[in-house]
Amino acid sequence: MSKFADNMIRKDAWTGLMMGNHALVRAMLESGVMVCSAYPGSPTPEIAAAIEIIPEEQRPIHFEWATNEKVATETAFGASINGHLSVVFFKSVGLNVALDTAVQLSMLDCIGGMVVVIGDDPGANSSQNEQDNRHVGRLMMMPIFEPGSPSETYSMFLEAAELSKKLKMPVLFRMTTHVCHARELIEFGAIPDFDYDWTPRFHAEGLEYWPITTAVFPLKRKAFAKLSAVEKHALSSPSNKVLSPNGSEPENGKRLGVITHSIPAYSVLECMDESGSSIDVLKLGITFPLNPEQIVSFLNEHDEVFILEELDRILEHEIKAIAFDNHVKTKILVRPDIEHLMHEFVPARVWDLLSGFWPDCFAPKPQRAEAAEEVSPRLAQMCPGCGHRSAFFAIRELIDEEFPDAITVADIGCHSLGSMKPYEMGTVLLCMGHSNGTAGGLAIGNDKRKVVCFIGDSTFFHAGLPGIINNVLYDRNVTLVVLENYTTAMTGHQPHAASGEIGDKIKIPEVLEALGVKFLRSVDAYMQDKLKDHIRDSMNHKGFGVVIAKHPCMLKFIRDKRKRAEATKRAESVNR
Amino acid sequence: MKSYNIFISGVGGQGIGLLAEVLIQSCLAAGYAVLGVDTHGLAQRGGIVVSHLRIGNKDKLFTPRITPGEADLIVGLERLEAYRGIVNYMRDGGTCIYYDAEQQPIHVRMGLSQYPSHEELEKAVAERHGKVERVFIEDLPDVRMQNTAVLGRIASFELVEGLTGDIIREQLLEISPSSAKDANLKVFEQASAARA
Ligand SMILES: Cc1ncc(C[n+]2csc(CCOP(=O)(O)OP(=O)(O)O)c2C)c(N)n1
Ligand code: SF4
């Protein structure tokens, strides 16, 4: 077993360096999590890697990849109402897919406890937007925990899991990209001797798991009651704390404070360390629900308080409302510009904001001069030998030669990179699985321009099927190209229903046939002439046509080959 | 102490992860507190991979990312990425240690932009009053060992007090898979000895 795995499951307390995603797994083990389900998406896949590196016979957590985020959430919910502490994790936009389910959960008693871990992405480092899921936590009536570092990820998860078990309610654990991927030294505790009891304990007296029409209201009341218990907990929680590293003396006769959260809190502390100014920082780890008493007392102790949050104006609005209701006289300062509603708050940006409000403490810094040198961009590209690349090359040729005004619709995956030079295939993109629906809409009333759309094989199952069914039913004049590479490549090669790594492979051609797709062809993406013939035929065919362009992901293929070779080498050296 | 900031960059697949891990563990072994963060968008497809490391006293380290223009050391595994690191992150008087490999991005191959030469890189460092160390090993047995070569060169300097060659060597051997230890050690020593 690797040293990493050894450490991960070590029973006693120890101290070690870990990234946020891995620290989360250690906290899951220390909390007694029994079931974890997920769908891959940056910045979270390393959570799975850290679970899967533990040999199965020593792994107390049952882990599985689900078909999509909604199913993953339902899986964790089912486990929790059977009495098992569960975790579901996925990326920011995954919560949109999970939402129909997730929005119900707070009304129901999750008796084993359940933590919904999301990787939000301020800065859109690896996502199609930078949506602020703190809104969604409020919509879901779920308490929100926001760690700002790997060690807080560890300690706050322990707290969140404990609270979730105690109140039998789901908790939203909101990590962000640079919390997930930061590394630091963390003091871990011991893993208690859990008995991991698999007795199925689900029990319904009446309609308490059946929120329909009038049955909703008692359940909703229960959810409100649980939230107010969390509000009380927030007051004494170690996650909400006032930090005064330079003392609390007034600056120029004014007592100054900042209310903040997550990474921006550390950026404020870094600025204060540089300036030496004595400002108090209320760092909120539980950012929903707020405890009005905690907020009011902090406001009242200061003459001016700056609310610094990353992304949307959520704390700003709620704190202002609390201040209004409580006749607080403190001057409340907020970010002045819409630019401040985007991107991450690294120390340099925070310094600029602070110097705008309090120039005596934070002397304005000159803008860094633009470097004179021009540096070539380096855009991500599909790997050499990638089947998607071969397919795009051929289809580009076909379209240029025969259908120059065709509309091409992209989807999400490695093949999204085909939208860039030199292929420029797929010029409209929304989210995973949108391509069939969008293409269907583009085809309505349109007998002039052909519509071609793309989809990857993991996405086919994740959110692609409903759009495909629509195109079959309405026999839309659309050509769908399924780019089948037998893996979820973009996010690091996780298995999926047609990859053959989980259960019996569900074969995409058979699914399409069963759905009644009449025009269906399949060819290796390297056979460019054949591929062009099939796509031409499909585009000339009136109605919905599907062409599967298949080729194994070459990066995975090469890595697997290398791994096999290394394993053989190791085995040989042992035998010798 | 004020933090010492190390900015590491290269292209997906070059082994930035291992390089950063060895440096982090070495800094910890040398008695420093460390914060690090990796930023990788789409690493597998020839995209840029960056790792930030900040070392110093525990109570003086807050956020892991380096502010542009404040890196003391730029470690590059490829010339264009080393150059980008210098231009965006090197502080006045900083150091750059890079492996002189060349991986042309699509923009360069399509003639839309230029690939920097070693001389241009030296010029950019000079503008910032810094120093540059070019690492290149003629008979490197495997391109995947460029990271080890760079570590060897870093080890030949004691860039911060206590971060000695011995400590870095020890951490490299600790982290290398057993099948690669001997080969790694050889490249490490070779790059270390080849210091200009
Ligand atoms: C709702 C949602 N979940 C997860 C992701 C992260 N993600 C990006 S692409 C992708 C899947 C790609 O797999 P596939 O469709 O097989 O295409 P490939 O990358 O293999 O070409 C995922 C899961 C996302 N963008 N949106
Ligand atoms: S990871 Fe696989 S699917 Fe993605 S670009 Fe590389 S070869 Fe293609």
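A:P422 sits in the loop of chain A that runs between strand 15 and helix 15, the latter covering residues 435–443. The structure is a predicted model, and in it the peptide bond joining A:K421 and A:P422 is cis, with an omega of about 0°. A cis peptide bond also leads from A:S42 to A:P43, where omega is near 10°, and A:P43 belongs to the loop between strand 2 (35–38) and helix 3 (45–52) of chain A.

Another backbone feature concerns A:A124, which has a positive phi of about 45° although this residue is not a glycine. A:A124 lies in the loop that connects strand 5 (114–120) with helix 6 (134–139) of chain A.

## The parallel sheet of chain A

Five strands of chain A make up an open sheet with parallel pairing, and their order across the sheet is 15-16-17-19-18. Strand 15 (407–409) and strand 18 (519–524) of chain A each have a single partner strand, so they stand at the edges and one side of each is left without a neighbour in the sheet. From one strand to the next, the twist of this sheet averages 20°. Strand 18 of chain A runs parallel to strand 19 (residues 545–550) of chain A, and six bridges join the two; within this pair, A:V523 stands opposite A:A549 of strand 19.

Two helices that pack on this sheet can be described by the strands they touch. Helix 14 of chain A, made of residues 387–402, touches strand 15, strand 16 (451–456), strand 17 (478–484) and strand 19 of chain A, and its direction makes about 155° with that of strand 17. Helix 18 of chain A, made of residues 528–540, also packs on the sheet, touching strand 16, strand 17, strand 18 and strand 19 of chain A, while its direction makes about 165° with that of strand 18.

## The surroundings of ligand 1

Ligand 1 has 26 residues around it, of which A:E69, A:H388, A:C414, A:D457 and A:T459 come nearest. For A:E69, a polar side-chain atom lies 2.5 Å from a nitrogen atom of the ligand, and for A:T459, a polar side-chain atom lies 2.5 Å from an oxygen atom of ligand 1. A:C414 makes its approach through the backbone, with an N or O atom 2.8 Å from an oxygen atom of ligand 1. Taken alone, ligand 1 exposes 580 Å², and the protein buries 97% of that area.

The elements giving two or more residues to the shell around ligand 1 are helix 5 (94–102) and helix 16 (457–473) of chain A, and helix 16 gives the most, with four residues. Sorted by class, the shell around ligand 1 holds nine nonpolar, 14 polar and three charged residues.

Within chain B, strand 1 (residues 4–11) and strand 3 (residues 48–56) pair in the antiparallel sense over eight bridges, and B:V11 has B:I48 of strand 3 as its bridge partner.

## Contacts of A:N7

A:N7 is part of helix 1 of chain A, which spans residues 3–9. When residues up to four places away in sequence are not counted, A:N7 touches A:W14 and A:R26. The C-alpha atoms of A:N7 and A:I54 are separated by 9.9 Å, while the two residues are 47 residues apart along the chain.

Conventions:
Residues numbered from 1 in each chain as written. Chains lettered and ligands numbered in written order. Predicted model: local features only at pLDDT ≥ 70, side-chain atom pairs only at ≥ 80, totals over all residues. Heavy atoms only, no water. Pairing = 2+ DSSP bridges. Near = heavy atom within 4 Å. Polar contact = N/O pair within 3.5 Å; in protein donor to acceptor, adjacent residues only side chain to side chain. Areas by Shrake-Rupley, 256 points an atom, 1.4 Å probe, with all protein chains shown as cover. Nonpolar A, V, L, I, M, F, W, Y, C, P; charged D, E, K, R; others polar. Axes fitted to C-alpha atoms, helices over the stretch in contact; angles between N-to-C directions. Contact = heavy atoms within 4.5 Å.
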